[in-house]
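Please look over the sequence and the structure shown here, and keep both in view while you read.

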Amino acid sequence: MSEVVIAGIGQFPVGEHWKISLRSLAARAILPAIRDAGSLKPQALYVGNFLGPMASHQSNLGTLLAQNAGLDGIESFTVEAAGASGAGAFRMGYLAVASGYVDVVLVVGVEKYTDMVGPQLEAYTTTAMDYDYEVMAGLTPAAQAGLLMQRYLHEYDAPRAAFGAFPLLAHANGAHNPNAMFRKAITPETYAKAGMATPPLNQFDISPHADGAAAVILTRSSLLPRAGIEQAVRITGSSVVIDRLAPHDRPAPLAFEAAALSVEGACRQAGILPADVDFFELSDVYSIYAALSLEAAGCAPRGEAWKMAQEGVFGLKGTLPISTMGGFKARGNPLGAAGVYQIVEAVQQLRGQAGENQISGARRALVQSLGGPASTAVTHVLERCP
Amino acid sequence: MEIPRHWRINPQRYELIGEECPHCKIKIFPPRDVCPNCGGEAKEEYTFSGRGEVYSFTTLYDGPAGFEEMTPYTVALVKLEEGPVVTAQLTDLGSTGVEIGMPVEMVTRRIRSDGDERGMLIYGYKFRPVGFTTAK
């Protein structure tokens, strides 16, 4: 089996794009990705999207987005896995190319969050939870994170303020990413003074939902145009694992079992250990999820990720940089598109195109997207071509 | 409105009816088609006592649609004495501070209305501190 490689990337800045429609937003990532891949012609488009049918009253995005981008007559459909939709679409693209049935795949993650405003929009984000047994208790995704963080503080006797290390790091990195929603570093005082959201989470522990689109072109290395070989990035591990949907149904809600198993699966396929990666693009949807993801991956002992964060281990100059382009907190959280942004950012690092945020000598990345509180975990290992 | 959907789970909302696995005897809530413990088919009803303790909790100051008028409200993970954990609001807290490990018991309260002005009222379980007495 010939290797599956990422031959092109495209992204549009995350933000509140009132003037741009869902279809046009997708095109603004799709067209640059195709150009970046030396105009390889996609035979299939897999779309990662979460809220389209609700917030934009639009289903069958595969057809709409392909048509709008001038890709008539190809294969196309949507993959949905809540916040992991984009990563799920990427996994689909990987499987299609690896199978040999499709030579060139386009994956786009797109979310049009600002087509409506108000409490109904927030209610749509709760549809990824158990409607009968969580949503009807008035729970929201942020409150779900509040429940997990409260328990974490109790079990590990951790100080709440220590979690500020994660948003501080994210904002510092987002400051140099032209595609980030927030491009300004914050101070520990800003974090300490932030208003309570769903306690113990404060407003800086929560990533902002926003519009966004990111795209990649996948193909087999043997099909790459000669000029594209240098910047191609290999996909050497790919794994999707699910947990029980609601934390209340899990024997150990802080374990993020699916996140642990999908890191294990992706690393086994790549023939590496998690410690062998140069950086980790994780899902810091909430500060507590960054900590739980690091612990699930084995990058920090249980109950201690916050200590390592305070020591600077996860900064750009630390031993395991995370959220290198700002993560969910500063780049912004375009829900179903986020997984593709994470892949695009990892490719920027591996190509040496991450600007001021470049990790020197970055050769191998671990990238993980979560749907809900690791109800779905999608993990990939990406490597620079030798 | 979602009448069949809410009507269908009245036994769970009003009486905490779950299941006891006929194979491995663990108690299951909410009901599932397959036992999460042994993988056998789960189908025998079991009524939970409604007693448990707070496993974790948080408070919402902004509610999603359907819950906006109830804010602020506290949601907890409640570990039932028979084993399962449920997500539910805490109620009748008065000036009681919530703590992990606090004993609570099930009560029936209004959950929300389904739809606007003439929406159906939905009732279901919430939990209150044990020892709470209603002020007359």
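A residue is called buried when its relative accessible area is under 20%, exposed when that value is over 50%, and partly exposed in between, with a 1.4 Å probe and protein chains only. This is a predicted model, in which local features need pLDDT of at least 70 and side-chain atom pairs count only at pLDDT 80 or more, while totals for chains, interfaces and linings use all residues. Residues are numbered from 1 along each chain as its sequence is written, chains are lettered from A and ligands numbered from 1 in the order in which they are written, and side-chain values use heavy atoms, with hydrogens and water left out.

Begin with Ser369(A), which sits in strand 8 (residues 364-371) of chain A; helices (H or I, at least four residues) and strands (E, at least two) are DSSP runs, numbered from the N terminus. Ser369(A) counts as buried because its relative accessibility is 2%. Its side chain makes a polar contact with the side chain of Gln342(A) at 2.5 Å, where a polar contact is a pair of N or O atoms within 3.5 Å, and within protein one must be able to donate a hydrogen and the other to accept it, residues adjacent in sequence counting only if both atoms are side-chain atoms. Apart from its neighbours within four places in sequence, Ser369(A) is in contact (heavy atoms within 4.5 Å) with residues including Ala84(A), Ser283(A), Gln342(A) and Val378(A).

Gly312(A), in turn, belongs to the loop between helix 11 (305-310) and helix 12 (327-331) of chain A, and it counts as partly exposed because its relative accessibility is 36%.

Strand 8 of chain A comes up again with helix 10 of chain A. Since 10 of the 10 residues of helix 10 (residues 287-296) are buried, this helix is largely enclosed by the rest of the structure. The buried residues of helix 10 of chain A pack against several elements, among them helix 6 (141-156), helix 9 (257-270) and strand 8 of chain A. Just after helix 10 of chain A, Gly298(A) takes a positive phi of about 85 degrees.

Where does the largest cavity lie? It lies between domain 1 and domain 2 of chain A, because both give residues to its lining. A cavity, on a 1 Å grid over the protein atoms alone, is a set of points where a 1.4 Å probe fits but cannot get out, and lining residues have an atom within 4 Å of a point. The largest cavity has a volume of about 240 Å³, a volume being the space filled by probe spheres set on the points, which are joined across faces, edges and corners. Its lining has 18 residues, and Gly83(A), Pro141(A), Val285(A), Leu335(A) and Gly372(A) lie nearest its centre.

The second largest cavity has a volume of about 70 Å³, and its lining includes Asp132(A) and Tyr133(A) as well as Arg13(B) and Thr87(B).

Methods: 1 Å grid on protein atoms, 1.4 Å probe; cavity = no way out; pocket = protein on both sides within 12 Å on 5 of 7 lines; lining within 4 Å. Domains from an automatic or database assignment.
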